[in-house]
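Me: Could you walk me through this one, starting with the fold and then how the copies sit together?

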There are 2 protein chains.
Amino acid sequence: MVELDFDKTGGLIPAIAQDHETGEVLMMAFMSRESWEETLTSGMATYYSRSRDKLWKKGETSGHLQVIKEIRIDCDNDTVLLKVKQKGGAACHKGYKSCFFRRVKGMDQLEIVEKKIFDPQAVYNQTDG
Amino acid sequence: MVELDFDKTGGLIPAIAQDHETGEVLMMAFMSRESWEETLTSGMATYYSRSRDKLWKKGETSGHLQVIKEIRIDCDNDTVLLKVKQKGGAACHKGYKSCFFRRVKGMDQLEIVEKKIFDPQAVYNQTDG
């Protein structure tokens, strides 16, 4: 299995998920070694939830799984780029396609620049997904 | 100035740089609060180098600056997406446009899937940039 440098950052490395067709960056989360191995073997994006302190198969609650289409590794072997097909059309637990749905305007303001795809309250009992 | 959650991860947050035209993910690096403020005020991507333990204006050695075109913030206020114009056409200190120039093939192999844009030895005296 491809070896990544988990030691450099204390066991977790950043993983970026990108829509494999549009190039839109959907989210960033962290991966443990177990997440990485599970992602490779299952073909589904699997992260590590720092808040819940456990393996996190993306979409396990919401059904919004991320099917792996391609994986890129950065030059230092310590960051992963997942090109995925996003089930349900939305990666963000707040109901947007991308977690990066807010744009910095000037230096002081944030504005929402995407449309909400789903109602989080209808999808989650919890706030994570 | 837009406030990000630097405390959650001990002072540094991940920042993803993406080509503002093609959507290609160029690199991932970390930002300190000082990096973030410098990025906003200068309009040039400025990170924090963990290996050199100091502020790192991307391209300060190579000339491969990243001009900020748009900034997105994630739903948790702890990750930044920079949409940039990459000067010199390459972000990676190894000479490729993107640091993610290697693809996972099967589960055991990595293959280079991009063309080298410049010769690192001709551009750097050091290995960072």
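**Fold and pairing**

Reply: Happy to; chain A holds two helices and eight strands, where helices (H or I, at least four residues) and strands (E, at least two) are DSSP runs numbered from the N terminus. This is a predicted model in which local features need pLDDT of at least 70 and side-chain atom pairs count only at pLDDT 80 or more, while totals for chains, interfaces and linings use all residues. Residues are numbered from 1 along each chain as its sequence is written, and chains are lettered from A and ligands numbered from 1 in the order in which they are written.

Me: What is the radius of gyration of chain A?

Reply: Taken over C-alpha atoms, it can be set against the globule rule, 2.2 Å times the number of residues to the power 0.38. For 129 residues that rule gives 14 Å, and the value for chain A is close to it, so chain A is as compact as a globular protein of that length. The radius of gyration is 15 Å.

Me: How many residues of chain B are in contact with chain A?

Reply: A contact is two C-beta atoms, placed from the backbone, within 7 Å. On the chain A side, 28 residues take part, and on the chain B side the count is 28.

Me: Which element gives the largest share of the side of chain B that touches chain A?

Reply: β1 (13-19), β2 (25-31), β5 (66-73) and β7 (102-105) of chain B each supply at least two residues of that side. The largest share is four residues, and they come from β5(B).

Me: In β7(B), what is the bridge partner of I73(A)?

Reply: Strand β5 (residues 66-73) of chain A runs antiparallel to β7(B), with two bridges joining them; strands pair if DSSP finds at least two bridges between them. For I73(A), the partner in β7(B) is R102(B).

Me: What kind of axis relates the two copies?

Reply: Superposed by least squares on C-alpha atoms of residues with pLDDT of at least 70 in both, chain B can be laid on chain A with an RMSD of 0.0 Å. That takes a turn of 180 degrees and a shift of 0.0 Å along the axis. The copies are thus related as by a two-fold rotation axis.
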